[in-house]
Amino acid sequence: MKTVEDLTERFRERGLRVTPQRQAIFGLLHADASHPTVETLHERARSSMPTISLKTVYQTVHDLEAMGEVELIHLGTGSVRVDPNVEHAHHHLICTVCGNVRDVLVDVRDLRLPARDRRGFTVADVEVHFRGVCDDCAARQLS
Ligand SMILES: [Zn+2]
Ligand SMILES: [Zn+2]
């Protein structure tokens, strides 16, 4: 994900307004590998900007998505997650207990569907979700 300065410049180039609230969201996403939900992002933004609205966070995230700076992904955790890693093709590790998400770089280019299982589809993309229990949840289950 681009830096706050780069994103500010790109938003202005497109004639989009850049407010301190929006810059706070850029900053939060830049430093975040946790794939937060929009609601989580809002909670975090409020700790430094108590008046920021959920609507502002949604709008900013959607503008970032429209510009290809983040991806909004569905990982079966109940809410859409914001993925700032658009630079590297990757897959995800997902904790089925707490919804923790991590990027994994694994090469699945050799994963092929036999022709008879493709049912006439032209396959363009493969997405792999590794589901399991994260180390924090595993530790909690033991204690
Ligand atoms: Zn977990
Ligand atoms: Zn990711």
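How are α1 and α2 oriented to each other? Notes below, starting with that pair.

1. **The α1/α2 pair.** The two helices are oblique to each other (angles under 35 degrees count as roughly parallel, over 145 as roughly antiparallel, 65 to 115 as roughly perpendicular, and the rest as oblique). Helix α1 covers residues 4-13 and helix α2 residues 20-30, and their axes come within 9 Å and cross at roughly 135 degrees. Axes here are lines fitted to C-alpha atoms, for helices over the stretch in contact, with angles running from 0 to 180 degrees between N-to-C directions. The crossing of α1 and α2 is right-handed, that is, the near helix is turned clockwise from the far one by less than a right angle.

2. **What you're looking at.** This is a predicted model, in which local features need pLDDT of at least 70 and side-chain atom pairs count only at pLDDT 80 or more, while totals for chains, interfaces and linings use all residues. Residues are numbered from 1 along each chain as its sequence is written, and chains are lettered from A and ligands numbered from 1 in the order in which they are written.

3. **Confidence.** The chain has a mean pLDDT of 93, with 100% of its residues at 70 or more; pLDDT is the predictor's confidence in each residue, from 0 to 100.

4. **Layout.** I get five helices and five strands in the chain, counted as DSSP runs numbered from the N terminus (helices are H or I with at least four residues, strands E with at least two). In sequence order the pattern reads α-α-α-α-β-β-β-β-β-α. The C-alpha trace spans about 55 × 45 × 20 Å along its principal axes. Of the 143 residues, 17% are buried (20 or more other C-beta atoms within 10 Å of a residue's own; exposed means 12 or fewer, partly exposed is in between, and C-beta atoms are placed from the backbone).

5. **Who touches whom in α1/α2.** On the α1 side, V4, L7 and T8 meet Q23, F26, G27 and H30 of α2; a contact means C-beta atoms, placed from the backbone, within 7 Å. By class, this contact has three nonpolar, four polar and no charged residues. For the classes, Ala, Val, Leu, Ile, Met, Phe, Trp, Tyr, Cys and Pro are nonpolar, Asp, Glu, Lys and Arg are charged, and the others, Gly among them, are polar.

6. A24, I25 and L28 of α2 make the contact with L41, R44, A45 and S48 of α3. Its class count is five nonpolar, one polar and one charged.

7. **Buried positions in α2.** R22, A24, I25, F26, L28 and L29 are the buried residues of this helix. They pack against α1, α3 (38-48), α4 and β2 (81-83).

8. **Two positive phi values to look at.** H35, in the loop between α2 and α3, has phi near 55 degrees although this residue is not a glycine. H35 is buried, with 24 other C-beta atoms within 10 Å. R119, also not a glycine, has a positive phi of about 50 degrees and sits in the loop between β4 (101-104) and β5 (129-132). R119 is exposed, with 7 other C-beta atoms within 10 Å.

Note on methods
Contact = placed C-beta atoms within 7 Å.
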